[in-house]
Amino acid sequence: MMTPEDLAVIRKNRVDYLGLNYYARVMVKPYESGETTLIVNNQGKKAKGTSQTIIKGWFEQARPDSSRYTEWDTEIFPEGLYEGIRRVWNKYHLPIYITENGIGLYEDTSVNQVEDDDRIEFMDMHIAAVLKAKEGGCDVRGYYAWSPFDLYSWKNGTEKRYGLVAIDYENGLERRPKKSYYWYKDVIETDGKNITGK
């Protein structure tokens, strides 16, 4: 419970920056039909296209045919990151850090180097959105990839891979940088000069 003393501390201080996590947008439209349904695809490509949200009498999820989706039915929409940055900046005028952004993929990590071109494309498009927001006057000071290395997914165990560095769970947790690791290293070293936005 917040005490009057806690509130006094908050009033005397200020927020130095805002962190923004972004993966995808979710669009809704007015309810058309069906019972309330909440289906989240936690099985990836085995259940692709099964995600569904209907709140009877209120709204339902819209899935534009023109959009691209991950194997877990998450829309790939970097414009949403740009819009999110713009809205946060216009409302709060505080420095912004993108504290999480990335994509989970199925990957064979037994190879010497994972060729994760889909991750590179995803990150390139989203970093381009960050740079566009900066060019438009938003004070964005950092971008953090989710995740630096493969980790345990609470829904998919080790089947869904997030990292720039592969973790071989079958061979003593050996770490091997993926193609995206070297690409992102170059992004950092060149201050984003290799970002295409495509």
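Modeller: Start with Ser147, in the loop between β9 (140-145) and β10 (165-168). Keep in mind that this is a predicted model.

Biologist: What makes the peptide bond from Trp146 to Ser147 cis or trans?

Modeller: Its omega is near 10°, and the bond is cis. Most peptide bonds are trans.

Biologist: How do you know whether Asp73 is buried or exposed?

Modeller: Its relative accessible area is 7%. Buried means under 20%, so Asp73 is buried.

Biologist: And what about His93, with its phi of about 50°?

Modeller: That phi is positive too, and His93 is not a glycine. Look for His93 in the loop between α2 (78-92) and β8 (96-101). Its relative accessible area is 48%. Exposed starts over 50% and buried ends under 20%, so His93 is partly exposed.

Biologist: Turn to the open sheet. What is the order of its four strands?

Modeller: The order is β2-β5-β4-β3, with antiparallel pairing.

Biologist: Why are β2 (27-30) and β3 (37-39) said to stand at the edges?

Modeller: β2 and β3 each have a single partner strand, so one side of each is left without a neighbour in the sheet. The twist from one strand to the next averages 30°.

Biologist: How do you know that β2 and β5 pair?

Modeller: Pairing needs at least two bridges. Four bridges join β2 to β5 (residues 59-62), so the two strands pair, and they run antiparallel.

Biologist: Now the rings. How many aromatic pairs does the structure hold?

Modeller: Six.

Biologist: Why is the pair of Tyr181 and Tyr182 called edge-to-face?

Modeller: The ring centres lie 5.0 Å apart and the planes stand at 85°. Centres must lie within 6.5 Å, and planes over 60 degrees apart count as edge-to-face. So the pair is edge-to-face. Tyr181 is partly exposed at 32% relative accessible area, and Tyr182 is partly exposed at 43%.

Biologist: What makes Trp183 and Tyr184 a stacked pair?

Modeller: Their planes are 25° apart, with 6.5 Å centre to centre. Stacked requires an angle under 30 degrees. Trp183 and Tyr184 are both buried. Together with Tyr143, they form one aromatic cluster.

Biologist: Which residues lie nearest the centre of the second largest pocket?

Modeller: Ile127, Leu131, Tyr143, Val187 and Asp191, out of 13 lining residues. The space is about 320 Å³. α3 (117-135), β9 and α4 (179-189) each supply at least two residues of that lining. By class, the lining has eight nonpolar, two polar and three charged residues.

Biologist: How much space lies in the largest pocket?

Modeller: About 810 Å³. It is lined by 38 residues, and the closest to its centre are Tyr23, Trp72, Thr74, Lys155 and Lys160. β2, β3, β4 (52-55), β5 and β7 each supply at least two lining residues.

Biologist: What classes make up the lining of the largest pocket?

Modeller: It divides into 20 nonpolar, 12 polar and six charged residues. Trp and Tyr count as nonpolar, and Lys counts as charged.

Key
Residues numbered from 1 in each chain as written. Predicted model: local features only at pLDDT ≥ 70, side-chain atom pairs only at ≥ 80, totals over all residues. Heavy atoms only, no water. Axes fitted to C-alpha atoms, helices over the stretch in contact; angles between N-to-C directions. Buried < 20%, exposed > 50% of the residue type's maximum accessible area, 1.4 Å probe, protein only. 1 Å grid on protein atoms, 1.4 Å probe; cavity = no way out; pocket = protein on both sides within 12 Å on 5 of 7 lines; lining within 4 Å. Points joined across faces, edges and corners; volume = space filled by probe spheres on them.
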